[in-house]
Amino acid sequence: MNRSTSVRRVHRRRLGLGAAGALVALGVAAGPAAAHAGVTASDPRALAENVTLTFTSEAESDTAGIAELRVVLPKGIAPDAVTLKEAPEEWKLTATPDGYAIGGAALATGTDAEYSITVRQLPDEKSLVFKTLETYGDGKVSRWIEVPTSGEKVDNPAPVLALRAAAPGARPVAPSPSPSPTASAAPPVQPAPPVQPSAAAPSAPAAPGPRTSGEEDASSGTGFVGGVAAVVLLAAGGAFWWLRRGRSGT
């Protein structure tokens, strides 16, 4: 075997190894990507208002479809500041103490869950984390709740939305005020109507007023006449008795 033959064989061997490595790399690249949950925004800026957030949760079950997603909202977004914009048919959004749940009839097996919400205003932060629990029709739960730190990779990363700096002049929007009754001026006090006496109740006799001099004189005169009449009657009675006695004695 001469030298040129040996060189050609070495060269062929190197080409074969390189091709095999390329096929392996190509196969890896063409293989299915790992499932994950993600989020995008129509206006990814801090303090942006009426922003549409679109979420995608990739299906990873071969036996059941996604039936519900529960999301924990980041600090600065209240559950009542979120409204549903678009979702799979018959899916509903319900507020929870720390975020919201969205779901309905289970999707077809292998179908990704996509939906959109509108947020009244994004907080003044550099990034927002939306921890998500993905529940399938057979009860299986995928937990996309891990937050990578210091560039480290995690197995179940939560959806993270990076935010740009706020627009010039942007200010936080005051939360929606809860309805409260407005104070009104007190109506003028009306005098109470006079109390009418009851028809069944007897009226009290009027107290006698002071007597006048004429009334006193009339009263005195009436008493005097009455006294004289009494004396006359007694005298007449005595005379009558005396006459009868005298006759009886005769």
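**Close-up views of a predicted model**

Residues are numbered from 1 along each chain as its sequence is written, and side-chain values use heavy atoms, with hydrogens and water left out.

**View A. Salt bridge between D43 and R45.** The N to O distance between the two side chains is 2.8 Å. A salt bridge here is a side-chain nitrogen of Lys or Arg within 4 Å of a carboxyl oxygen of Asp or Glu. The structure holds two of them.

**View B. Salt bridge between D98 and R70.** The closest N and O atoms are 3.5 Å apart. D98 lies in the loop between β5 (92-96) and β6, and R70 in strand β3, so the pair links parts 28 residues apart in sequence. Strands are DSSP runs (E, at least two residues), numbered from the N terminus. D98 is partly exposed at 34% relative accessible area, and R70 is partly exposed at 35%.

**View C. The largest nonpolar core, with 26 residues.** Such a core is a set of buried Ala, Val, Leu, Ile, Met, Phe, Trp, Tyr and Cys residues joined through side-chain atoms within 4.5 Å. Residues with the most contacts inside it include L53, F55, Y100 and I117. Two or more residues each come from β2 (49-57), β3 (66-72), β6 (99-103) and β7 (113-121); β7 gives the most, with four.

**View D. Surroundings of I117.** Among the residues that I117 touches (heavy atoms within 4.5 Å) are V51, L53, F55, V82, L84, L93 and Y100, not counting residues up to four places away in sequence.

Conventions
Predicted model: local features only at pLDDT ≥ 70, side-chain atom pairs only at ≥ 80, totals over all residues. Buried < 20%, exposed > 50% of the residue type's maximum accessible area, 1.4 Å probe, protein only.
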